[in-house]
Amino acid sequence: MGRENQTFSSDFILLGLFSSSQTSLIFFSLIFIIFIMTVTENAVMILLIRRESQLHTPMYFPLSHLSFMDILHTSNTVPKMITDFLAGSRIISFAGCGFQIFLSLTLLGGECLLLAAMSYDRYIAICHPLRYPILMNDNVSVLMAGGSWLVGAVNSIVHTAFTLHFPFCASRTTDHFFCEVPAMLVLSCVDTTRYEQGGYVSGIIFLLVPFSLISASYVQILLTVFQMQSFEARKKSFSTCFFHMIVVIMYYGPFIFTYMRPKKYHTPGQDKFLAIFYTILTPSFNPIIYSIRNRDVLEAMKNMLKSKIFHKKL
């Protein structure tokens with residue numbers, strides 16, 4: 001019993017992304033810049049969608065939630081990593097580790113579902129434009145966003161509880177920059193096979209099914225686009241679909257590869273490298289690909305800037 005209490009009260013050591021070399025200092029600066037850009041881009045998107053009336057549509061409501069998820073996602077890992085690098089500390093408490101796991105899984109699962117919902121929105125808008133007001137209204141948009149948060153949180157509670165319940169008898173040092181379930185399972189000294197099997201079920205629900213739905217939606221969109229008579233319309237729609245799928249693959253690919261492999265196939269540092277894509281890089285690309293390249297968003301941004309300049313002159 002004493003050993004179990006000791007297990008639950010001990011801290012963990014995260015080796016992080018940076019060492020003391022000059023190369024790591026450059027890498028640290030790059031990560032810091034990406035973090036500032038990510039928070040700024042997504043905060044601007046949330047502000048635009050809230051302030052500009054032309055963006056108060058079912059299409060942009062999920063985008064505001066995606067931006068909020070991305071801010072939380074990168075803030076869940078990068079500030080701790082930066083603080084540890086500057087302070088020369090690599091320790092994280094058991095409670096802090098549990099919070100990172102919970103928030104990370106909530107956001108990862110919720111974003112997977114939200115991206116699938118957004119692809120459905122695009123499918124209806126392009127393939128069935130006359131039925132869009134019926135199939136995609138404000139209530140449906142709120143339900144999709146709220147459902148993504150709720151289902152993601154419930155799934156996260158289950159996996160966080162199971163992961164932290166395992167005894168960590170071996171070294172508590174993990175070659176990662178935040179507490180992530182696969183990395184924590186490697187530290188466990190008991191057989192986690194049954195839990196991993198349950199994890200595969202979650203992987204199918206939150207990864208394979210949404211990714212398949214997104215792929216199917218964009219295939220249907222492209223088929224519809226190819227039937228358009230206007231070359232410019234085809235070019236624009238194809239470009240949008242292409243960039244959307246690039247970001248989706250960048251997000252789902254490493255995520256699937258990390259969470260749907262058995263524990264024995266995980267190597268030190270590999271999960272850390274893959275996690276960079278869905279915790280740091282993708283949140284910085286999402287507002288650019290999904291929003292800033294959109295004509296309505298650019299118009300709203302110009303209107304907001306003009307309004308600020310006008311008020312300053314007054």
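This is a predicted model: local features need pLDDT of at least 70, side-chain atom pairs count only at pLDDT 80 or more; totals for chains, interfaces and linings use all residues.
Visitor: Is Val201 buried, partly exposed or exposed?
Guide: The relative accessible area of Val201 is 49%. Buried would need under 20% and exposed over 50%. Val201 therefore counts as partly exposed.

Visitor: What separation do the C-alpha atoms of Val201 and Ser230 have?
Guide: Along the chain, Val201 and Ser230 are 29 residues apart.

Visitor: Are α4 and α8 roughly parallel or roughly antiparallel?
Guide: The axes of α4 and α8 are 9 Å apart, and the helices pack at an angle of about 20°. Angles under 35 degrees count as roughly parallel. So α4 and α8 are roughly parallel.

Visitor: How do the residues of the contact of α4 with α8 divide into nonpolar, polar and charged, and how many are there of each?
Guide: On the α4 side, the residues include Leu113, Ala116 and Arg122. Their partners in α8 include Phe206, Pro210 and Ile214. The contact divides into 15 nonpolar, five polar and one charged.

Visitor: Is α3 roughly parallel or roughly antiparallel to α4?
Guide: Helix α3 spans residues 60-87 and helix α4 residues 94-127. Their axes come within 10 Å and cross at roughly 155°. Since angles over 145 degrees count as roughly antiparallel, α3 is to α4 roughly antiparallel.

Visitor: How many residues of the contact of α3 with α4 are charged?
Guide: The α3 residues making this contact include Leu66, Met69 and Asp70, and those of α4 include Leu103, Leu107 and Glu111. Twelve residues of the contact are nonpolar and seven are polar. The charged ones number three.

Visitor: Is His176 buried or exposed?
Guide: His176 sits in the loop between β3 (173-174) and α7 (181-187). Not counting residues up to four places away in sequence, His176 touches Leu14, Leu15, Gly16, Ala183, Asp271, Lys272 and Ala275. With a relative accessible area of 0%, His176 is buried.

Visitor: How far apart are the end C-alpha atoms over residues 238-260?
Guide: An unreviewed UniProt entry annotates "transmembrane region" over several stretches, including residues 139-158 and 238-260. Over residues 139-158 the chain is 100% helix, with end C-alpha atoms 28 Å apart. Over residues 238-260 the chain is 96% helix and 0% strand. There the end C-alpha atoms are apart by 31 Å.

Notes
Residues are numbered from 1 along each chain as its sequence is written. Side-chain values use heavy atoms; hydrogens and water are left out. Axes are lines fitted to C-alpha atoms, for helices over the stretch in contact, and angles run from 0 to 180 degrees between N-to-C directions. Helices (H or I, at least four residues) and strands (E, at least two) are DSSP runs, numbered from the N terminus. Angles under 35 degrees count as roughly parallel, over 145 as roughly antiparallel, 65 to 115 as roughly perpendicular and the rest as oblique. Contact means heavy atoms within 4.5 Å. Ala, Val, Leu, Ile, Met, Phe, Trp, Tyr, Cys and Pro count as nonpolar, Asp, Glu, Lys and Arg as charged, and the others, Gly among them, as polar. Buried means under 20% relative accessible area, exposed over 50%, partly exposed in between (1.4 Å probe, protein chains only). UniProt positions are given in the numbering used here, feature names are shortened, and annotations may be inferred rather than shown by experiment.
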